[in-house]
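The sequence and the structure come first.

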Amino acid sequence: MTAEALGVWLGAGFTLCILSFLYKDNPFYKFAEHVFVGISAGYGVALQFHNVFLPNLWRPLIAGNLVMIVPLILGMFLFARFSARVSWLSRWSIGLLIGIYSGIAIIGFGSGDLVAQIHGNLLPLWGGDYLTSFNNWILCLGLIACLVYFFFSREHKGSFGFVARVGIYFLMISFGASFGYTVMSRMSLLIGRFYYLYGDWLHILPQ
Amino acid sequence: MRKEVPLIITFLAGAFFIADYFVPHTGFSHIAETINGWTIIVITFAYVLGVANVTRVNLDYIQRKGKDTPYKIILLICLLFMMTVGIVWGIAEGTIFDWFFINIYVPMQSMMFALLAFYIASAAFRAFRIRSTQAALLAITAVLVMIGRVPIGEAIWKDFSNFAEWIMNVPQLAGKRAILIGAALGAISTGLKVIVGLERTHLGAD
Amino acid sequence: MRTLSKTKIWSLVCILVLISLGLAIAQEPAPAQTQSTSDSRWFDDNRWNVFLTLVIIFFLIIYFIEKAKKGKNLFVRRIAGLDAIEEAVGRATEMGKPILYVPGIDDMNNIQTVASMIILGNVARTVAQYDTPLIVPIRLPFVLPVAEESVKQGYMAAGRPEAFQKDNIRFISDEQFAYAAGINGIMLRERPAANLFLGSFFAESLVLAETGFSTGAIQVAGTANIHQLPFFVVACDYTLIGEELFAASAYLSREPKLLGALKGSDYAKGIILAALILGAILISFNVEWFKDWFFVE
Amino acid sequence: MKKLLEFINNLDRRWIFLFIGLAVSLPLFFPLGIDFTVSHPVQGFYDTIEKVPNGSKILMSCDYDPGSLPELYPMTVAALEQMFRKDLKVIVTCLWPAGPPVVERALNHMAFEYKKEKGIDFVNLGFKEGREVVMVSMGASIPNTFPTDYNGTPVTQIQIMQGVTNFKDLAMIVNISAGYPGTKEWVQQVQARYNIDLVSGCTAVSAPEFYPYYQTGQLKGLLGGMKGAAEYEKLVGVMGLGTRGMDAQSVSHLTVFFFILIGNLAYFVLRALKGKEVK
């Protein structure tokens with residue numbers, strides 16, 4: 001048996017272990033699950049070692065780029081968590097990470113989502129062909145109604161309440177579309193697995 | 001002091017990276033580039049910290065001799081094995097590390113996610129009840145999109161696919177855009193609160 | 001005292017080292033740079049639109065937080081979902097059956113979990129008046145003490161600290177599906193009459209909502225993870241959508257930073273609404289400058 | 001009648017599991033071969049790549065892991081097919097840790113078929129931790145962010161990387177995305193900042209969320225899920241896993257539709273019957 005064939009048998013075995021969870025929680029599933037968690041954590045460490053630690057930190061450092069001591073120290077600070085006495089040091093690194101991510105997120109959401117999306121919704125309501133104008137009306141009114149639904153400073157009463165109700169209808173359509181697409185996603189994953197079991201493992205699929 | 005320094009660091013880092021977008025000055029960008037390089041390294045340590053935590057939690061469990069002890073031992077052995085094999089013999093295609101990744105990690109992770117196909121079908125059957133106008137709209141859209149986006153929909157009605165595409169491009173887009181804008185406002189206000197130090201949950205209780 | 005001053009000194013030393021290193025780098029461009037053009041502008045003129053937008057939002061949020069801190073009464077409408085929660089809790093107590101409260105699967109650094117804990121405290125206060133158990137399954141170790149504290153506070157606020165049962169705040173498993181399976185077990189065995197799913201949920205939402213539906217419990221859900229909302233909407237009696245979860249927690253806690261942020265983004269939404277309407281009208285009359293101003297480059 | 005409805009209403013879900021297993025399996029053995037047309041977002045994906053001058057350098061960020069292989073692997077392979085045919089130079093990066101070995105396989109497989117050489121026609125720069133920060137950092141300098149490729153060769157020794165500093169030196173970005181970090185972050189951090197053409201192939205779960213980006217032109221093209229992959233394969237002219245999965249996809253969707261229908265019928269009829277009894 002070649003290494004490749006052995007691998008497929010092993011993989012198929014573990015696949016079936018996971019699949020058995022459908023019947024009920026059982027030792028096979030539990031075994032596979034723990035193997036998976038172990039393998040994935042070990043995989044992550046080795047990958048980070050070769051793909052980040054060596055090229056981005058270690059090699060520049062031994063090449064004489066002493067500034068790299070800073071991230072090394074900040075990284076070490078994170079481990080201060082394990083000791084109650086110095087655990088406060090870890091907050092420095094966490095503070096740095098959180099600060100950077102918050103700053104970047106503000107820019108990303110502000111430019112890519114907020115301003116750009118408003119720009120995308122400023123559409124001519126008349127003047128074009130009928131279908132385009134009709135679509136633009138729906139986009140414009142739908143967005144306004146949904147935003148009104150998420151407005152918390154006023155009671156949803158009267159005409160304001162009516163608009164909010166239209167808004168929730170648009171949201172439901174939106175969720176419906178997501179539901180449909182999620183079904184598509186999950187089914188494809190299963191198709192992929194059955195391909196593996198019937199094709200790569202058992203070789204019983206018609207070509 | 002223990003609390004102030006992290007808050008100052010957070011503020012400086014956040015403000016700097018907001019400014020970085022508006023300031024094209026080369027000197028400014030150089031600092032940003034350096035700090036970005038550091039971040040990539042620090043966050044890698046954070047990952048390793050996570051794994052260290054997993055190890056610690058499981059070792060604790062084994063010491064307490066809980067009923068799942070054998071499983072936890074297996075977990076730790078797998079972790080140690082994969083880590084050693086990868087660090088010592090490399091991770092390229094054709095290594096032992098790669099073989100274990102392709103033949104254990106890939107099939108198992110794929111299957112775990114594929115289980116959701118069964119659950120979504122069962123939820124559709126047992127819990128998807130059209131009890132209100134809202135649920136009805138959701139259901140109708142879901143069914144139209146579900147059938148319209150697969151080939152059989154086109155076999156039933158040749159414009160079904162175009163119609164589903166229209167739903168995606170017009171009514172559903174309006175809802176998604178509102179959510180996008182709302183989420184953007186939420187993310188901006190949370191980010192701001194973190195940067196100015198009003199939100200400190202990430203620094204932990206003291 | 002002495003240890004504190006020691007930390008102070010160390011902190012100062014570290015800060016100085018960091019700053020000086022930063023300055024050193026700032027003066028010396030990174031080595032592998034091959035950038036040919038150097039830019040000496042201090043502001044990118046194309047980015048005024050994003051700049052002004054952010055300034056307005058920042059101002060609104062800070063302004064309303066300050067206002068809330070000063071004790072100004074900021075109006076927030078009552079979220080319909082809260083009534084639904086109350087009704088579910090009421091029905092469960094009437095039937096004398098337990099209430100299940102699932103706070104999502106994320107850690108305390110997720111703002112949704114924080115919001116969930118606030119709502120949990122309020123649910124506990126209502127439940128405390130009756131002798132119905134409030135079961136709270138937990139996935140992550142950090143969440144456990146916070147949930148215990150919230151529930152305890154709720155019982156104390158209701159004047160019945162002795163009724164608090166620590167055993168009902170249960171750590172299940174930190175594995176996502178094992179956690180879901182554990183909750184399924186609780187639903188099938190202990191038959192809670194009300195299931196509340198509030199917080200950050202992922203793929204397990206479907207499994208939980210389905211089992212809960214099949215046991216016939218009243219279910220109220222709420223999450224800002226948009227991709228999970230469809231499943232909650234179809235299988236639950238009421239669902240808090242996205243921001244409503246945060247609004248509910250702000251409404252209940254009246255905490256300035258939550259309330260102020262909510263108010264601030266409300267006003268931002270008002271401005272956006274105005275811009276959308278104005279912009280659509282202007283562009284329909286072929287006036288382009290307003291739309292062009294929003295172009296991001 | 002009532003008994004049947006009650007049976008349906010209280011059906012053990014393992015029966016449903018069995019049904020769905022069959023609905024997905026049978027079409028794999030007995031294909032129906034139903035034809036389908038190509039939608040606009042998919043055409044946009046194809047055209048944007050097609051418009052790039054032959055021989056240009058393209059960044060392909062494969063931000064996924066084995067959990068969504070059936071949807072995203074066919075896209076990766078078909079995109080490589082189109083790009084290698086046009087002799088585009090492909091620089092691959094991954095922001096999800098479990099991505100690189102999978103992409104490495106796709107690259108080696110396609111390179112063998114098109115006789116492309118590693119380091120000259122394509123390179124796999126591997127994984128970097130840091131999510132959005134990696135994207136922003138690449139905007140300043142790609143070689144500083146990725147000093148070596150996946151196997152540890154310094155980028156200074158890789159021919160394709162010569163003259164590549166940042167996004168300005170690339171013709172466009174192709175993103176294959178399974179979630180966070182992925183297309184949303186590429187739009188927010190890179191497309192909005194550097195004005196570079198971006199197309200996305202994503203899981204069906206996230207596709208509806210990206211339609212607003214496609215409408216504004218922030219995304220020039222969008223492949224949603226396995227169906228998107230199948231349509232794209234049709235344009236490229238290959239018969240891949242996406243196309244072959246389509247029949248199973250059709251049948252399983254129909255099955256889910258019937259489940260919703262029957263479930264509701266049983267529920268409402270039963271409720272009406274109970275209402276009568278009470279009266």
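A salt bridge is here a side-chain nitrogen of Lys or Arg within 4 Å of a carboxyl oxygen of Asp or Glu. By this rule the count over all chains comes to 32 salt bridges. Asp237(C) and Arg131(B) form a salt bridge in which the closest N and O atoms are 3.7 Å apart; the pair crosses between chains, with Asp237(C) in the loop between helix H8 (229-235) and S6 of chain C, and Arg131(B) in the loop between H4 and H5 of chain B. Helices (H or I, at least four residues) and strands (E, at least two) are DSSP runs, numbered from the N terminus.

The model is predicted, so local features need pLDDT of at least 70 and side-chain atom pairs count only at pLDDT 80 or more, whereas totals for chains, interfaces and linings use all residues. Residues are numbered from 1 along each chain as its sequence is written, chains are lettered from A and ligands numbered from 1 in the order in which they are written, and side-chain values use heavy atoms, with hydrogens and water left out.

| Interface | Residues in contact | Buried area |
|---|---|---|
| Chain B and chain A | 101 residues from chain B, 110 residues from chain A | about 10,100 Å², 82% from carbon and sulfur atoms |
| Chain B and chain D | 49 residues from chain B, 65 residues from chain D | about 5,300 Å², 67% from carbon and sulfur atoms |

Between chain B and chain A there is one salt bridge, and Lys30(A) forms a salt bridge with Asp68(B), the closest N and O atoms lying 3.3 Å apart. The count of residue pairs in polar contact between chain B and chain A is 13, both residues being at pLDDT 80 or more; a polar contact is a pair of N or O atoms within 3.5 Å, where within protein one must be able to donate a hydrogen and the other to accept it, and residues adjacent in sequence count only if both atoms are side-chain atoms. On the side of chain B that touches chain A, the largest share, 22 residues, comes from H4(B). That side divides into 75 nonpolar, 18 polar and eight charged residues, with Ala, Val, Leu, Ile, Met, Phe, Trp, Tyr, Cys and Pro counted as nonpolar, Asp, Glu, Lys and Arg as charged, and the others, Gly among them, as polar.

Across the interface of chain B and chain D the rule finds four salt bridges; Arg105(D) and Asp98(B) meet through their side chains in a salt bridge (2.8 Å, N to O). There are 17 residue pairs in polar contact between chain B and chain D, both at pLDDT 80 or more. H4(B) gives the most to the side of chain B that touches chain D, with 15 residues, and by class this side has 28 nonpolar, nine polar and 12 charged residues.

**The sheet of chain C**

In chain C, six strands form an open sheet in the order S3-S2-S1-S4-S5-S6, with parallel pairing, where two strands pair if DSSP finds at least two bridges between them. The edge strands, strand S3 (169-171) and strand S6 (238-241) of chain C, each pair on one side only. Strand S4 (residues 194-200) and strand S5 (residues 218-223) of chain C pair in the parallel sense over five bridges, and Phe197(C) stands opposite Ala221(C) in S5(C).

Key: Contact means heavy atoms within 4.5 Å. Buried area is the accessible area (1.4 Å probe) that two parts lose on being put together, summed over both.
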